[in-house]
Amino acid sequence: MKKLSIGASALLSALFAAPSFANLPQLVATSTISGGDTAWMLTSTALVLFMTIPGLALFYAGMVRKKNVLSTLMQSFAICAMITVLWAVIGYSLAFMPGNPYIGGLDRLFLDGMLYLKDEAKLTVHPLAASIPEGVFMMFQMTFAIITPALIAGAFAERMKFSSMMVFMALWSLLVYVPVAHWVWAPGGWMADHGVLDFAGGTVVHINAGIAGLVAALVLGKRIGYGREAMAPHNLVLTMVGASMLWVGWFGFNAGSAVAADGRAAMAMVATQVATGMAALAWMAAEWIAKGKPSVLGIVSGAVAGLVAITPAAGFVDAKGALAIGLISGLLCYWTATSLKHMLKYDDSLDAFGVHGVGGLVGAILTGVFAVKEIGGVEGSVMTQTVGALATAVYCAIVTFALLKIIEAVMGLRVSEEEEREGLDVALHGERIE
Amino acid sequence: MKLVSAIIKPFKLDEVREALSAIGVQGITVTEVKGFGRQKGHTELYRGAEYVVDFLPKVKLEIAIANELLDQVVESIESAARTGKIGDGKIFVMDLEQVVRIRTGETGADAV
């Protein structure tokens, strides 16, 4: 009996290694909080939320056919609401509380213990963000947890059942996003300990979403008529407006990931803008040369590819590195979305993989090439970055595949052929735009 | 009486309407239509996916007139709608058996 309990406790301690007390949020005096940092992080949080609703929602909605506009908008909005609740209940705790290298603890279930005590003039701060209230840090991270599943939705646009989508996103968030965020960002996470650099979420957000998108596109199969019927975007004005909101919101995403209003945030902002401009030009130029015309959809896609690729590198690279990352990501994402996809014949409707997966992988690996020690305080390693990117991709692909297969068996993934032809707006939501 | 039906480029509609008013035409019916002729369609390209658009947008005019106006009407439409480039459209002329003005019950040439 004793032996058993020792065995059990060894197992327990291996699973839930005694959290080092230093990594738990500390109760500190409110006077230690920086007003400047807090103001910037409140702003950044709002900016990143704005990226999903309405930014990403519009970006995607403009690219679908008129009969699927509302269902596409609905996906982003419903994911936003659902992940908000999940993050507050358990997601934040499992991602950012001390636990073992693979998953966090339960110290913040229902956000219990996240304190602001007015009379004692005390509040809790997270060790990753000592100069801002824990509440702001938790909210900032929540907006990242929201946008990641919303990005995946681009891969299966125009054909997935709304109910299955909600179940999938809830499970995916807890089984993929939360652990990977813990590995990469939480103190004691195994990738963080191995020196994997991911400033603002190239691995956690973009590789994760892109790979999940690719797997989803493959498991769900093509849209009816794909490759035979015209599936032209119904309104690229929405797409351009959405892409612009993503661009602006990304300053919260990247410069906000400095978690302070400081010089590093400034460097991240510079790198973000420069890489994005370069990538937009690269895609536009490649398309102009190869196909004869520079398109609006092309240049905005290039901008998003650049934003994705600079995400892990912002805060580690200088302007020259940003230019190089922008150029390479713009060209590679152009090739993936316009050529590779058609060669391999998968239907990633809105190029969640082509832009976010490829851009994320390019950015993660190039961060190892272009990291400047004077800026980020660390040397980059291509090997470490590649291991981090591939480990995330493999884990994400396996769990995503398993989740989709289970959901398919239990409740199905796709709408019926009739519903797909009629359009998801009327079939699933009983509404239409005109 | 004649019924003139003309397919023209949409941006020429105002010029044609003005030309017809100038020669005393009292009414026109306008419809937005799509079709193809020798101009054929064009291709659109979205992230590498190429779509051939076969049917181009055009405007169709229908004008009921007395016989003596016919030559003037056809000439006016022809000169106002012409750009000289492919896709300018066509004019069809048909005999018109009967016209009724609904409000007054007038028929024939009085109703045109």
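How much area do chain A and chain B bury between them? In this model, which is predicted, the two chains bury about 960 Å² between them, with 61% of it on carbon and sulfur atoms. The size of an interface is often given in this way, as the accessible area lost when the parts come together.

On the side of chain A, 17 residues are in contact with six residues of chain B. Four residue pairs across the interface are found in polar contact. Three helices of chain A, namely α9 (263-291), α10 (296-310) and α11 (319-344), each supply at least two residues of the side that touches chain B. Of these, α11 gives the most, with three residues. Sorted by class, this side of chain A has 11 nonpolar, three polar and three charged residues.

Across the interface there is one salt bridge. B:Arg47 forms this salt bridge with A:Asp351, and their closest N and O atoms are 3.0 Å apart. Here a loop meets a loop: B:Arg47 lies between β3 (42-46) and β4 (49-53) of chain B, while A:Asp351 lies between α11 and α12 of chain A. Are these two residues buried or exposed? Both B:Arg47 and A:Asp351 are buried.

Let us now consider the other salt bridges. Over all chains the count comes to 17. One of them joins A:Glu229 to A:Arg421, with the closest N and O atoms 3.5 Å apart. This pair links distant parts of the chain, as A:Glu229 sits in the loop between α7 (202-220) and α8, and A:Arg421 sits in helix α15 (residues 417-422), 192 residues apart. A:Glu229 is partly exposed, at 31% relative accessible area, and A:Arg421 is also partly exposed, at 43%. Another salt bridge pairs A:Glu420 with A:Arg414, at 2.8 Å between the closest N and O atoms. In this pair A:Glu420 is buried, with a relative accessible area of 3%, whereas A:Arg414 is partly exposed, at 25%.

I turn next to the interior. In soluble globular proteins, nonpolar side chains tend to be buried together. Which residues touch the most other members of the largest nonpolar core? This core has 127 residues, and the two in question are A:Trp87 and A:Tyr177. Helix α5 (residues 162-185) of chain A contributes the largest share of the core, 14 residues. A second, separate core of 16 residues includes B:Leu20, B:Leu61, B:Ile63 and B:Ile77. Leaving aside neighbours within four places in sequence, the contacts of A:Trp87 include A:Tyr92, A:Phe96, A:Met138 and A:Tyr177.

Finally, some points about the backbone deserve attention. The peptide bond from A:Ile53 to A:Pro54 is cis, with omega near 5°, and A:Pro54 is found in helix α2 (residues 35-61). Helix α2 also holds A:Thr52, which is buried, with a relative accessible area of 0%.

Two residues other than glycine have a positive phi. For A:Val259, phi is near 50°; this residue is in the loop between α8 (236-254) and α9 and is buried, at 15% relative accessible area. For A:Lys345, phi is about 60°; this residue is in the loop between α11 and α12 (352-370) and is exposed, at 55%.

Thank you for your attention.

Terms used:
Residues numbered from 1 in each chain as written. Chains lettered and ligands numbered in written order. Predicted model: local features only at pLDDT ≥ 70, side-chain atom pairs only at ≥ 80, totals over all residues. Heavy atoms only, no water. Core = buried A, V, L, I, M, F, W, Y, C linked by side-chain atoms within 4.5 Å. Buried < 20%, exposed > 50% of the residue type's maximum accessible area, 1.4 Å probe, protein only. Helix = DSSP H or I, 4+ residues; strand = E, 2+ residues; numbered from the N terminus. Contact = heavy atoms within 4.5 Å. Buried area = accessible area lost by both parts, 1.4 Å probe. Salt bridge = Lys/Arg side-chain N within 4 Å of Asp/Glu carboxyl O. Polar contact = N/O pair within 3.5 Å; in protein donor to acceptor, adjacent residues only side chain to side chain. Nonpolar A, V, L, I, M, F, W, Y, C, P; charged D, E, K, R; others polar.
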